[in-house]
Amino acid sequence: MALSSYYPQLVAQRRELHQWPEPGWTEFTTTWYLVQKLKAWGYQVLVGTKVVNPEAVLGRSEKEVEAGLAAARAHNVPEEFLKATEGYTGAVGILDTGRPGPTMAMRFDIDCIPVQETADPNHVPNKEGFRSKHDGYMHACGHDTHMSIGLTVAKWCVDHKDELCGRVKIVFQPAEEGVRGANAVAASGVLDDVDYFLGSHIGMVAKYGEVVIDPYGFLCTTKYDVTYTGKPAHAGVEPNAGRNALAAACSATLQLLGIPRHGKGMTRVNVGMLNAGKGRNVIPPNATMVMEVRGETGEINDFMAEQAMNIIKGNAISYGVEYSVSKMGAACDMKNDPEMIDLLRETAKTIPEIKTITESANFGGSEDASLLAKRVKEHGGKVAFFVNGADRKAGHHQFNFDVNEPALDTGFQMFAGMVKRILARK
Ligand SMILES: [Zn+2]
């Protein structure tokens, strides 16, 4: 097995980042770590509203952001930097070769999962001393490996600048979990000049030594928080004076689960949480539903969303309660460009550790890189997303999730190989 000369860097950064996982929109310490490296290597670095459009932000909790800022201060992240973020995490590093050529963007997500990392002494991060130091949070989806790959590609581009033309954009995207972050990054316009866009996920449907160069099955999805507001009243003395928000939410939930199937493709709907009521003898004046719809295509997802909104509104009228809907996350489907698929195949063939090149496999989830890809496509660019295989100890989002570290190297070599092909100096 021949790992690249960048392998020690890949492992060191990954183990550093694994120790301080931060949930979406609070990745201030993480962003600072990334920005320092990019700046040290000569990148122009954009942060704050230059990479996040506040008007398009989804699913960001002001309270959690405050906690993230406080944690960053405790980690000695400079106040000047925190001010520059304007309260928004994520960063984009730009390297201009000074020679005319295309602009290539590569996207790496940076947030973690609210999962307590296992105490099992055989879990590699425990054995090797790099377990999460952030209680209740863990890089259980491999975004620590994504970031390390991104940083290493950034360094590789600097080391090989003389062989390249055009511009490189390294995009560190916040809040992928819950598909919250990409909407605002896309709306910032930071990708509007991009000719080639590349993203990837580690593990998923592929084992170490395998890459999937044209995955399918990225479900379109929209996430909503729905609030019903009624009126409290004594349940014995005067129930007629109340307006029952709990009843509206229950009725809406059952109707949501009964939205018709769609003839053109797969659909999903889920009400994952319902909180309502104040006490046994009070007509419930409040109810909150945390829900999502999914569809195989944008058209089908839109159908699901429209049906859901009708049901939510209809039940508000039925029960005489007020309602509000907040969009908390979004992703769409994704289709790789044939030219990019060919480049991925050619690149994979040159990497000895990659033994299996799988043309297509079901990704089986939602990915908000799709929104960045959509934006790039709308501006005439080409896009691709591939799956970088890894051997996992447990499934994604589980407390004993881990990947074999050589998988970082195949991921890195895929990205660096794609840069070499797309930005080769003429
Ligand atoms: Zn993930």
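Student: Why is Cys141 called buried?

Tutor: This is a predicted model, so the value is computed from predicted coordinates. Cys141 has a relative accessible area of 6%. Buried means under 20%, so Cys141 is buried.

Student: What makes Cys332 buried?

Tutor: The same cut-off of under 20% applies. The relative accessible area of Cys332 is 11%, so Cys332 is buried as well.

Student: How do you know that Cys332 is in no disulfide?

Tutor: The structure holds zero disulfides. For Cys332, the nearest cysteine sulfur is that of Cys220, 5.8 Å away.

Student: Which residues make up domain 1 and domain 2?

Tutor: The domain assignment gives 7-218 + 333-422 for domain 1 and 220-330 for domain 2. Their C-alpha centres lie 34 Å apart.

Student: How do you know that domain 1 and domain 2 touch?

Tutor: Contact requires heavy atoms within 4.5 Å. Ten residues of domain 1 are in contact with eleven residues of domain 2, and about 740 Å² is buried between the two domains. Carbon and sulfur atoms give 53% of that area. On the side of domain 1 that touches domain 2, four residues are nonpolar, three polar and three charged.

Student: How many salt bridges and polar contacts are there between domain 1 and domain 2?

Tutor: The salt bridge count is zero. Three residue pairs are in polar contact, both residues at pLDDT 80 or more.

How values were computed:
Residues are numbered from 1 along each chain as its sequence is written. This is a predicted model: local features need pLDDT of at least 70, side-chain atom pairs count only at pLDDT 80 or more; totals for chains, interfaces and linings use all residues. Side-chain values use heavy atoms; hydrogens and water are left out. A disulfide is a pair of cysteine sulfur atoms within 2.5 Å. Buried means under 20% relative accessible area, exposed over 50%, partly exposed in between (1.4 Å probe, protein chains only). Domain bounds come from an automatic or database domain assignment. Buried area is the accessible area (1.4 Å probe) that two parts lose on being put together, summed over both. A salt bridge is a side-chain nitrogen of Lys or Arg within 4 Å of a carboxyl oxygen of Asp or Glu. A polar contact is a pair of N or O atoms within 3.5 Å; within protein, one must be able to donate a hydrogen and the other to accept it, and residues adjacent in sequence count only if both atoms are side-chain atoms. Ala, Val, Leu, Ile, Met, Phe, Trp, Tyr, Cys and Pro count as nonpolar, Asp, Glu, Lys and Arg as charged, and the others, Gly among them, as polar.
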